[in-house]
Amino acid sequence: LKILVLHGPNLNLLGQREPGIYGTTTLATIDALLTQEATLVGAEVTTLQSNHEGILVDGIHNALGQCHGLVINAGAYTHTSVALRDAIAAVNLPTVEVHLSNLYKREPFRHHSHIAPVALGQISGFGADSYVLGLHALVRYLRAQPD
Ligand code: DQA
């Protein structure tokens, strides 16, 4: 199983960015953790971080025919991007939405996600573990599908 993990804007600064909210784990550490977890369940992870909406859209398009599913932390684009939502709907790949912080404990503008209606589900609030849980949720979903 091939999984594409997408990280949106400002997530390149994890570790130094608002550590009280997002923790001190760096993106490189999260990617390494995901690669390791994927190996344990016989899956393969590719990661893409971008601060640019269109590059994330291109990444989702390029996953078509290459990957079986997506894990996405769209960062602030979660709350603004119809384009990312439409890209996920267009490729129609099973997608798990993840967030480090619990969106629903935070400002009201973070309570709405454009991604949620096109995702299998959302995992929010477990720090770096949100990605690991999201990966496992996706792999379990994919394995439960008939061939
Ligand atoms: C985030 C939550 C978003 O509201 C925020 O804009 C981010 C990170 C999270 O992982 O908690 O950049 O997606």
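Let me begin with Glu18, which is exposed, having 11 other C-beta atoms within 10 Å. The structure I am describing is a predicted model. Glu18 sits in the loop between strand 1 and helix 1, residues 19-22. Its phi is positive, about 35°, although Glu18 is not a glycine. As background, most residues other than glycine have a negative phi. Asn92 also has a positive phi, near 55°. That residue lies in the loop between helix 4 and strand 4, and with 9 C-beta neighbours inside 10 Å, Asn92 counts as exposed.

I turn now to the overall architecture. The protein chain contains five helices and five strands, arranged along the sequence as β-α-α-β-α-β-α-β-β-α. Its C-alpha atoms fill a box of roughly 45 × 30 × 25 Å along the principal axes. For 147 residues, a compact globule would have a radius of gyration near 15 Å, and the chain, at 14 Å, agrees with that expectation. Buried residues account for 36% of the 147. Of the contacts between residues at least 6 apart in sequence, 74% join residues at least 24 apart.

What lies at the centre of the largest nonpolar core, in terms of contacts with other members? Of its 36 residues, those touching the most other members are Ile3, Val5, Leu34, Leu70, Val71, Tyr131 and Leu135. At least two core residues come from each of strand 1 (2-7), helix 2 (27-40), helix 3 (53-63), strand 3 (69-73), helix 4 (82-91), strand 4 (95-99) and helix 5 (129-144). Helix 5 supplies the largest share, five residues.

Setting aside residues up to four places away in sequence, Ile3 touches Ala38, Ala43, Val45, Cys67, His68, Gly69, Val71, Leu135 and Leu138.

Finally, the ligand. Which residues are around the ligand? They are Asn10, Asn73, Gly75, Ala76, Thr78, His99, Leu100, Ser101, Leu103 and Arg110. By class, this shell has six polar, three nonpolar and one charged residues.

Definitions and conventions. Residues are numbered from 1 along each chain as its sequence is written. This is a predicted model: local features need pLDDT of at least 70, side-chain atom pairs count only at pLDDT 80 or more; totals for chains, interfaces and linings use all residues. A nonpolar core is a set of buried Ala, Val, Leu, Ile, Met, Phe, Trp, Tyr and Cys residues joined through C-beta atoms within 7 Å. A residue is buried if 20 or more other C-beta atoms lie within 10 Å of its own, exposed if 12 or fewer, and partly exposed in between; C-beta atoms are placed from the backbone. Helices (H or I, at least four residues) and strands (E, at least two) are DSSP runs, numbered from the N terminus. Two residues are in contact if their C-beta atoms, placed from the backbone, lie within 7 Å. The radius of gyration is taken over C-alpha atoms; the globule rule is 2.2 Å times the number of residues to the power 0.38. A residue is near a molecule or strand if its C-beta atom, placed from the backbone, lies within 6 Å of it. Ala, Val, Leu, Ile, Met, Phe, Trp, Tyr, Cys and Pro count as nonpolar, Asp, Glu, Lys and Arg as charged, and the others, Gly among them, as polar.
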